[in-house]
Amino acid sequence: MRTSNPAFGGNAFQTRYGGAIDASARMTLSGTVNKTGILLLCVMATASWTWYLFTQSQDMSAVAPYMMLGVFGGFILAMVTIFKKQWAPVTAPMYALCEGLFLGGISAVFDAKYHGIAFQAICLTFGTLIALLLAYSSGLIRATRKFQIGVMAATGGIALFYLFQMVMGFFHVQFMTINGSGPLSIGISVVIVIVAALNLVLDFALIEQGVNAGAPKYMEWYGGFALLVTLVWLYLEILRLLTKINQRQ
C-alpha cells in the first residue's frame with residue numbers, strides 16, 4: 001500500500017515488527033485517534049490566536065509574521081518528522097502549532113471578506129473526514145490497488161500543476177481562467193477537493209497497516225501527523241472553492 005501523502009511515503013509502515021515490541025508499546029487505532037485529536041487541539045489553539053489578532057486590528061501586517069512562521073516552521077518540522085519518525089511525539093505537536101498560526105490568519109482574512117466562509121470550510125472538512133471514515137470502516141470504500149494508483153496519479157498531477165503555476169508566476173504569467181471564479185475554475189477546484197478527500201482513505205489504510213504490523217507507540221503520533229497534513233490541504237482547497245463561489249455572487 002502506498003499513498004500520495006508524503007508523510008506516508010516510502011516504507012513508513014512496511015516493517016513487520018511482530019513480537020519484537022511488547023503489546024503495550026505498540027501502535028493502536030484508538031491511540032492514533034487520540035493523538036490526532038490532540039494535534040487538532042494544538043491547531044485550534046494557535047489558529048484562535050492569529051484569528052483574534054486579525055479581527056482586532058483588521059490589518060494583515062499584524063498576523064503576517066506569525067503566518068510566515070507557521071508556513072516555514074511547519075515545513076521544516078514536517079520534513080524532520082517524515083525523516084525522523086521517532087521524534088514525532090515532539091515534532092508533530094510543534095508542526096500542528098505552526099499550522100495553526102497560518103490557518104488562523106488566512107481564515108480570518110478570507111472570513112473578513114466573506115463572512116462565515118471559514119466556519120463553512122471547517123464544517124465541510126470535518127464532515128468529509130467523518131463521512132469517509134464511516135465509508136471506509138463499513139467497507140463501502142476500499143483502498144484497492146487501482147484506487148491507490150488513481151488517487152496517487154491525480155495528486156501528482158495536481159502537485160505538478162501547482163508547481164508550474166508557481167514557476168510561471170515568477171514571470172508574471174497568470175491563469176485567470178483557472179484561478180478565477182468562472183465555471184471551469186470552480187469545476188477544477190471541485191475535482192481537487194475530491195482528490196484531496198480521497199487521500200484520507202489511503203491514510204486510513206496506511207494507519208491500519210501500521211497497527212497490523214505492530215508498529216511502535218510513537219507511530220501513533222506519526223499517523224496523526226500524516227492525517228493532519230491531508231486535512232490541512234483539504235481545508236485550504238475547500239476554502240479556496242468557497243471563495244470562488246462567493247465571488248460569483
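Cys42 counts as buried because its relative accessibility is 16%, below the 20% cut-off. This comes from a predicted model, so keep in mind as you read that every value is computed from it. Cys98 is buried too, since its relative accessibility is 12%.

Do these two cysteines sit close enough for a bond, or too far apart? The cysteine sulfur closest to that of Cys42 belongs to Cys98, and the distance is 11 Å, which is too far for a bond. A disulfide needs the two sulfur atoms to be within 2.5 Å. The count of disulfides is zero.

## How confident is the prediction?

The protein chain has a mean pLDDT of 90, and 91% of its residues reach 70 or more. Among its elements, α3 has the highest mean pLDDT, 97, while helix α6 (residues 176–179) has the lowest, 74.

## Helix α4 and its two sides

Find helix α4, residues 117–138, in the structure. Its 22 residues, at 1.5 Å a residue, should span 32 Å, and the C-alpha atoms at its ends are 31 Å apart, which agrees. Which residues of α4 are buried? They are Ile117, Ala118, Ala121, Thr125, Leu129, Leu132, Ala135 and Tyr136. Viewed down the helix axis, these buried residues fall within an arc of 140 degrees, so they line one face of α4.

The buried residues of α4 pack against α1 (29–57), α3 (88–113), α7 (183–212) and α8 (218–247). On the face turned away from the buried side are the exposed residues Phe119, Leu134, Ser137 and Ser138. Phe119 counts as exposed because its relative accessible area is 60%. Between Phe119 and Ser107 there are 12 residues in sequence and 8.9 Å in space, C-alpha to C-alpha.

## The nonpolar core

The largest nonpolar core has 56 residues. Those with the most contacts inside this core are Leu39, Tyr95, Leu200, Phe204, Phe225, Leu228 and Leu234. Six helices, α1, α2, α3, α4, α7 and α8, each supply at least two residues of the core. Which helix gives the largest share? That is α8, with 15 residues.

Leu234 counts as buried because its relative accessibility is 0%. Setting aside neighbours within four places in sequence, Leu234 is in contact with Thr125, Thr128, Val193, Ala196, Ala197 and Leu200. Leu234 and Leu124 are 110 residues apart in sequence, yet their C-alpha atoms are 9.4 Å apart in space.

## Two backbone angles to look up

Most residues other than glycine have a negative phi. Gln58 is not a glycine, but its phi is positive, at about 55 degrees. You will find Gln58 in the loop between α1 and α2 (60–83).

What follows α4? The answer is Gly139, whose phi is also positive, near 85 degrees.

Technical notes
Residues are numbered from 1 along each chain as its sequence is written. This is a predicted model: local features need pLDDT of at least 70, side-chain atom pairs count only at pLDDT 80 or more; totals for chains, interfaces and linings use all residues. Side-chain values use heavy atoms; hydrogens and water are left out. Helices (H or I, at least four residues) and strands (E, at least two) are DSSP runs, numbered from the N terminus. The expected span of a helix is 1.5 Å times one less than its number of residues. Buried means under 20% relative accessible area, exposed over 50%, partly exposed in between (1.4 Å probe, protein chains only). The arc is that of the directions from the helix axis to the C-beta atoms. Contact means heavy atoms within 4.5 Å. pLDDT is the predictor's confidence in each residue, from 0 to 100. A nonpolar core is a set of buried Ala, Val, Leu, Ile, Met, Phe, Trp, Tyr and Cys residues joined through side-chain atoms within 4.5 Å.
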